[in-house]
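Please open the model in your viewer and keep the sequence panel beside it. The tour below moves from one selection to the next.

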Amino acid sequence: MTSDALAQLRADIVEVGRRLWSRGYVASNDGNISVRLDDGRLLMTPASVSKGFMTPEMMVITDLEGNLLEGAPGRKPSSEAKMHLVVYRVRPDINAVVHAHPPLSTGFAVAGIPLDRAVLAEVVTTLGSIPIADYGTPSTPALADAVEPYVKAHDGLLLANHGALALGTDLFGAYYKMETIEHFARISLVARMLGREHLLSREEVGRLQQLRGTYGIAAPAPLCTDPDDAAAADQVLCQVLEAPESASDRLVPDVTAALGSLTSDALSARVAASRDGEIRLTYAELTQLIADAVKNLR
Ligand SMILES: [Zn+2]
């Protein structure tokens, strides 16, 4: 690698760090970024620096075992280097790793809710499913061990009670996947607060996966046909993505559908007579609606 190319990568890591920090994806010294150089060594952020205030000469170079090869005096590799190393070992196609603590996706990771529903076309196309790796104490081998089973089949991961991890064939590709994960978490949260989440059908998911070729996106793994296929030995080899057979399936039942059980002409007349679609229900009718909705949830 020419010295110009290396200098550019150092500058690119500074830029990605600044974007992570300015978007609120990291606080204090959180997060880390690494790139695989063409000689197999790794260029990565040093330990204990804010990602918003880095300079190119701060970066360190390590081998694939994490041993420090080059760095300014006093600079050590990122405390999460082990998590990056496991990714490069398992995925020869991956050349960049970005780790951050974006608040929305980390919220899902804290709640134990994976981002594994087929909701947004661009997420299905670029990442597919975003599972949660078990909790592992940061900066210890436990975190790398927790991440390892998911790395083969996923380019985006949530880390339980911790943050998110994005993998890419190049640095900006990994950074953009981090943006996509956080954007997806934000939209999922809003949809769930609104009380409905319409999923893309399995058929549409198939069409979107076909598009990956058109856009030159490498698919990390196929969908699991049976959730039990997810785990093979110590590596997950397919993705679990919730996508109904029918496009009309809803995870959260539409409460207005329960109005169908109130078949009284009086109710229909009130709906028809209402100027703005608003109708008033009696206490008994409301109780029946709630009972029907609860029944639908079971
Ligand atoms: Zn972290």
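Buried means under 20% relative accessible area, exposed over 50%, and partly exposed in between (1.4 Å probe, protein chains only); helices (H or I, at least four residues) are DSSP runs, numbered from the N terminus. This is a predicted model, in which local features need pLDDT of at least 70 and side-chain atom pairs count only at pLDDT 80 or more, while totals for chains, interfaces and linings use all residues. Residues are numbered from 1 along each chain as its sequence is written, and side-chain values use heavy atoms, with hydrogens and water left out.

Select helix H9 to begin: Glu285, Leu289 and Asp292 are buried there, whereas Tyr283, Ala284 and Leu297, on the other side of H9, are exposed.

Next, centre the view on the zinc ion, which is coordinated by the NE2 atoms of His99, His101 and His162 at 2.0 to 2.1 Å. Donors here are N, O and S atoms within 2.8 Å of the metal (3.2 Å for Na, K and Ca), and water is not among the atoms, so the site may look incomplete.

Now turn to salt bridges, each a side-chain nitrogen of Lys or Arg within 4 Å of a carboxyl oxygen of Asp or Glu. In helix H7 (residues 202-215), select Arg207, which pairs with Glu203 at 3.6 Å, N to O, and also with Glu204, where the closest N and O atoms are 2.8 Å apart.

Finish with Arg91, Asp93, Asp155 and Lys177, which a network of salt bridges links.

Methods: Helices (H or I, at least four residues) and strands (E, at least two) are DSSP runs, numbered from the N terminus.
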